[in-house]
Amino acid sequence: MTNSYPELFVIRHGQTEWNVARRHQGRLDSPLTEKGVQQAHDMGQMLVRTFGPRTDLVAYSSPQGRALRTANLALEPLGWSVTQDARLREISFGAWEGLTQAEVDAGWPDQATYAEQNPIEWHFSSPGGEGLHDLQARADSFLQDLTGPTVVFTHGILSRVLRARWMGLNEHEMLDLPGGQGIIFHLSPTQGHQTIEK
């Protein structure tokens with residue numbers, strides 16, 4: 001570990017309609033699917049089992065609907081409230097938001113080759129979107145403000161960036177981090193990066 005950040009539990013929102021359609025959501029939103037709602041409930045039970053009688057944690061969520069709904073459903077059995085923090089929003093995909101990958105490839109044909117050759121940089125190259133340094137700055141600002149163990153509800157790309165910054169990983173090492181929905185990523189100063197599953 002290369003930092004002194006507190007213990008962190010990072011949760012991506014449950015499956016959404018646009019996840020199923022493989023549309024880039026970014027700052028736009030779509031509702032949780034039935035599976036996404038179930039994932040949120042399941043993660044709530046996972047949190048109950050994991051935390052037991054602990055009372056030293058606080059919860060933060062991206063203000064975007066899919067993350068906030070996941071947070072409210074998952075925290076319900078714990079009786080916790082959640083604080084919204086705009087720094088936990090998903091990356092802005094600019095002109096690509098709302099489009100499928102096929103639509104992006106059709107509208108920006110040079111991007112398909114670029115994505116194959118530069119899988120990291122591609123995610124941060126959408127016209128009018130956010131760059132990697134923008135997300136790193138947001139993640140660093142959030143992490144530096146934490147004062148104790150924290151549960152975070154966020155999004156796929158921001159989750160990876162946040163965990164990479166917590167762990168002191170570079171953007172290439174970030175690709176090796178696990179992803180997915182319905183999973184809780186536990187970052188502990190003593191135990192490192194672990195995955196909590198149903």
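Helix α7 covers residues 132–145 of this predicted model, helices being DSSP runs of H or I with at least four residues and strands runs of E with at least two, numbered from the N terminus. With 14 residues at 1.5 Å each, α7 should span 20 Å, and its end C-alpha atoms do sit 20 Å apart, so the two agree; the expected span is 1.5 Å times one less than the number of residues. The model being predicted, local features need pLDDT of at least 70 and side-chain atom pairs 80 or more, while totals for chains, interfaces and linings use all residues. Residues are numbered from 1 along each chain, and side-chain values use heavy atoms, leaving out hydrogens and water.

Which residues of α7 are buried? They are Leu132, Leu135, Gln136, Arg138, Ala139, Asp140, Phe142 and Leu143, where buried means under 20% relative accessible area (1.4 Å probe, protein chains only). In an α-helix there are 3.6 residues a turn, so residues three or four places apart point the same way. The cover over the buried part of α7 includes β1 (8–12), β2 (58–61), β4 (150–154), α8 (156–167) and α9 (171–174), counting contact as heavy atoms within 4.5 Å.

As for the strands, six of them make an open sheet in the order β3-β2-β4-β1-β5-β6, with mixed pairing; two strands pair if DSSP finds at least two bridges between them. β3 (83–84) and β6 (192–196) take the edges with a single partner strand each, so one side of each has no neighbour in the sheet. β2 and β4 run parallel, paired over four bridges, and Ser61 stands opposite Phe153 in β4.

Key: Buried means under 20% relative accessible area, exposed over 50%, partly exposed in between (1.4 Å probe, protein chains only).
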